[in-house]
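Hi everyone, thanks for coming. Let me put the sequence and the model up on the screen, and then we'll walk through how the inside is packed.

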Amino acid sequence: LDKKPEDDIMAGEFRQTDYNQSNNINKTVETIQLRGQNYTPQYIQRLQNTYQVFLKNGFKMTEHALNRILGRINQGKIADIDVILDALKTGQKYRDTIEGGTIIFKNKIAIAFSEDGMIKTVIGNAIIKPNWEEMK
């Protein structure tokens with residue numbers, strides 16, 4: 001197999017292409033810029049796959065959130081990505097009255113959003129904090 005430059009995944013960058021087979025046109029899919037420099041190629045692929053799952057479900061996230069998700073799954077604090085997606089779709093929304101942003105909470109999983117709507121972190125074994133105001 002001949003290796004093309006676009007086949008290389010460089011640390012700190014995702015290159016993602018979606019192929020539209022009906023008319024053979026390549027279109028670039030939104031990517032995330034990684035700042036971590038010590039990621040293995042396998043971990044970069046896991047980050048890439050996780051990012052795409054959430055992006056396809058309508059959620060953008062930070063590199064920190066991606067690392068937290070994979071870390072909490074690895075630690076057993078969160079069962080899998082599907083549990084997070086379920087919380088995002090059916091969890092209770094709260095407003096953080098001190099730090100700002102929105103939190104979605106379900107089954108001890110808290111997903112914190114920044115003011116711009118990006119997921120900034122995910123917490124397993126979370127509890128509802130006193131400074132969270134329930135949103136209707």
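Let's start with a helix: which residues of α3 are buried? Before I answer, a word on the ground rules. This is a predicted model, so to speak of local features we need pLDDT of at least 70, and side-chain atom pairs count only at pLDDT 80 or more, while totals for chains, interfaces and linings use all residues. Residues are numbered from 1 along each chain as its sequence is written, and side-chain values use heavy atoms, with hydrogens and water left out.

So, the answer: I81, I84, L85, A87 and L88 are the buried residues of α3. Buried here is under 20% relative accessible area, exposed is over 50%, and partly exposed is in between, with a 1.4 Å probe and protein chains only. Helices (H or I, at least four residues) and strands (E, at least two) are DSSP runs, numbered from the N terminus. Looking down the axis of α3, the buried residues fall within an arc of 160°, so they line one face of the helix; the arc is taken over the directions from the helix axis to the C-beta atoms. On the face turned away from that buried side sit the exposed residues D82 and K89.

What lies over the buried side? The cover includes α1, α2, β4 (102-106), β5 and β6. Take L88: leaving aside neighbours within four places in sequence, L88 is in contact (heavy atoms within 4.5 Å) with F54, F59, I104, I111, F113 and I119.

That brings us to the largest nonpolar core, which has 27 residues; F54, M61, I84, L88, I111, I119 and V122 have the most contacts inside it. By such a core I mean buried Ala, Val, Leu, Ile, Met, Phe, Trp, Tyr and Cys residues joined through side-chain atoms within 4.5 Å. Two or more residues each come from α1 (41-56), α2 (63-75), α3 (81-90), β5 (109-113) and β6 (119-123), and α1 gives the largest share, six residues. Apart from this core lies another, of seven residues, including Y94 and W132.

Finally, the strands. β5 and β6 run antiparallel and are joined by four bridges; strands count as paired if DSSP finds at least two bridges between them.
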